[in-house]
Amino acid sequence: MGSINSSTLCTVATDMFYASTLFIPEAFFCAQQVGNGNGNSEEVNKGAEAWEKASKQLREFHDELAGVVHSIPDSEWQAADREAYEQEANKYLEQVTTSATAAETAGVLLYAVEAALYVFAAFAVATATVVAVNAAAIAVADCTIVGAPEAETEGVAAGAEAYEALESAAKILLGALSGVAAAMQAGVFVDTGVQMGQGDSSALGDFGHALLTGAAADVKLVPGEVESYVQGKVTDKIHGGLFPKHTHAGGAGGESGSSGSDGGSHASDGDSGQHIPGE
């Protein structure tokens, strides 16, 4: 993907939101939303490349082994055990092919994750730019008497729209990542089942060992995840109290409404405590 880490782009967006907070208070909470989608695309890319490399090596090994298995002329080995040997060898070759396909699929999924992280990061920077422009306009308008109220009203609306847009984008990203994780887990189950069906009695043991190893790694992440969750809940609570609804200039007659199209109030759903691995 790009040469700039998506996490770096998210940091840029976060700094822009913080800089706009003086004139658009809700920009502070926009910065918190950016944190919800801040993932390390560089590390994800390394993982994708590792799976891709493993798949390539398995396929090369398959081709080399297949060449060896079928290289012995029939005239030099006509014993009854030749057929049994080839059957067992072909089973193993099928297992190698299954593992290569699983590794290739994992790599593709991780490349998709990398792309999703970049899309969110780019969206965050674009949104932060819009808010920063509005903040600058308010700063200039504050130097006048006539333009200040209108500029500040537009700034409030811009902050509200930015928050809602980022909140939606973070939900979409987290949903996509959850889908990828589920797909990879399903792939592991399928691969294990196929391996066992092909006669690999050690597949279940390998799966159990991987499961325990992963669980042990996850336990180490629990304190940080709990902290992020609590912080997100507190931030959402504060945001909901400070910005129960966002009023901005309406159409003719000065009708006011929320930043959404239905004129209702905006309430946070409390999802911002989630944290993306690899950050």
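Accessible areas here come from the Shrake-Rupley method with a 1.4 Å probe; for residues, only the protein chains shown count as cover. The model is predicted, so local features need pLDDT of at least 70 and side-chain atom pairs count only at pLDDT 80 or more, while totals for chains, interfaces and linings use all residues. Residues are numbered from 1 along each chain as its sequence is written, and side-chain values use heavy atoms, with hydrogens and water left out.

**Exercise 1. Describe the chain as a whole: surface, burial and secondary structure.**

Step 1. The accessible surface of the chain comes to about 15600 Å², and 62% of this belongs to carbon and sulfur atoms.

Step 2. Of the 279 residues, 33% count as buried (under 20% relative accessible area; exposed is over 50%, partly exposed in between; 1.4 Å probe, protein chains only).

Step 3. The chain has 6 helices and 0 strands (DSSP runs numbered from the N terminus: helices are H or I, at least four residues; strands are E, at least two).

Step 4. Contacts (heavy atoms within 4.5 Å) with a separation of 6 or more are to 79% between residues 24 or more positions apart.

**Exercise 2. Identify the largest nonpolar core and its contributors.**

Step 1. A nonpolar core is a set of buried Ala, Val, Leu, Ile, Met, Phe, Trp, Tyr and Cys residues joined through side-chain atoms within 4.5 Å. The largest one has 33 residues, and Phe 17 and Val 34 have the most contacts inside it.

Step 2. Two or more residues each come from α1, α2, α3 (41–69), α4 (81–141) and α5 (148–197). Helix α4 gives the most, with 12 residues.

**Exercise 3. Decide where the coordinates call for caution.**

Step 1. The mean pLDDT (the predictor's confidence in each residue, from 0 to 100) is 77, and 73% of the residues reach 70 or more.

Step 2. Among the helices, confidence is highest in α1, at a mean of 95, and lowest in α6 (residues 203–242), at 63.

Step 3. Over residues 246–279 pLDDT stays under 50. Where pLDDT is low, the predicted coordinates should not be read in detail.
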